[in-house]
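Here is a short briefing for a first look at this structure. Please keep the sequence and the 3D view open as you read.

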Amino acid sequence: RHHHHDHGEDCTCGCHDHEHHHHHHADEVFTSWGMETIVPVTRDQLEDILKRLADTKEFGDVLRAKGMLPTENPGEWLYFDLVPQQYEIRQGRPDYTGKVCVIGASLKEEELNSLFGRG
């Protein structure tokens, strides 16, 4: 039995893990930002917002976002759920006020405010 390629296993040099090694402090700088809003959105606007939250660093490092917002149509509400690079939008039951919650690091709260509160 030859052992000469054992070291193959150790040759990964940890490159693949390096995402997980950035900061291991328990006091990681995650913040959560939330707002209530009654500004209606269209599905297209919401898609556009979620794409930007999921795929860019425009608003900080977003790890998770969820919420529910009224649309222009009476009684129609869109609920959304997002993690990096993916999101889903579904219709949900009306509530008395829209809510949005975003969790991440270095969130840009001003930009988030104007993103959801515009109008």
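A network of salt bridges links Asp48, Arg52 and Glu58. A salt bridge here is a side-chain nitrogen of Lys or Arg within 4 Å of a carboxyl oxygen of Asp or Glu. The model is predicted: local features need pLDDT of at least 70, side-chain atom pairs count only at pLDDT 80 or more, and totals for chains, interfaces and linings use all residues. Residues are numbered from 1 along each chain as its sequence is written, and side-chain values use heavy atoms, with hydrogens and water left out.

**Salt bridges**

- The whole structure holds six salt bridges.
- Glutamate 58 is partly exposed, at 34% relative accessible area. Arginine 52 is also partly exposed, at 26%. (Buried means under 20% relative accessible area, exposed over 50%, and partly exposed in between, with a 1.4 Å probe and protein chains only.)
- Aspartate 61 bridges to lysine 57, and their closest N and O atoms are 3.0 Å apart. Lysine 57 is exposed, with a relative accessible area of 59%. Aspartate 61 is partly exposed, with 29%.
- Arginine 64 and aspartate 81 form another salt bridge, at 2.7 Å from N to O. This pair links distant parts of the chain: arginine 64 sits in strand 2 (residues 61-70) and aspartate 81 in strand 3 (residues 77-83), 17 residues apart. Strands (E, at least two residues) and helices (H or I, at least four) are DSSP runs, numbered from the N terminus.

- Is aspartate 81 buried or exposed? Aspartate 81 is buried, because its relative accessible area is 19%.
- Residues up to four places away in sequence aside, aspartate 81 touches Arg64, Ala65, Lys66, Gln86, Tyr87, Glu88 and Arg90. Contact means heavy atoms within 4.5 Å.

**Valine 62**

- Valine 62 lies in strand 2. It is buried, at 8% relative accessibility.
- Its contacts beyond four places in sequence include Leu53, Leu82, Pro84 and Val102. Ile103 is also one of them.
- Valine 62 and glutamine 85 are 23 residues apart in sequence, and their C-alpha atoms are 9.9 Å apart in space.

**Surface**

- Phe30, Leu63 and Ile103 make a nonpolar surface patch of about 250 Å². (Patches are made of residues with over 30% relative accessible area and no salt bridge; like charges are joined within 9 Å, and nonpolar side chains (Val, Leu, Ile, Met, Phe, Trp, Tyr) within 5 Å.)
- Isoleucine 103 belongs to strand 5 (residues 98-105). Isoleucine 103 is partly exposed, at 33% relative accessibility.
- The chain's accessible surface is about 8,100 Å², and 52% of it belongs to carbon and sulfur atoms. (Accessible areas come from the Shrake-Rupley method with a 1.4 Å probe; for residues, only the protein chains shown count as cover.)

**The chain as a whole**

- The chain has two helices and five strands. From the N terminus, the order is β-α-β-β-β-β-α.
- Of the 119 residues, 30% are buried.
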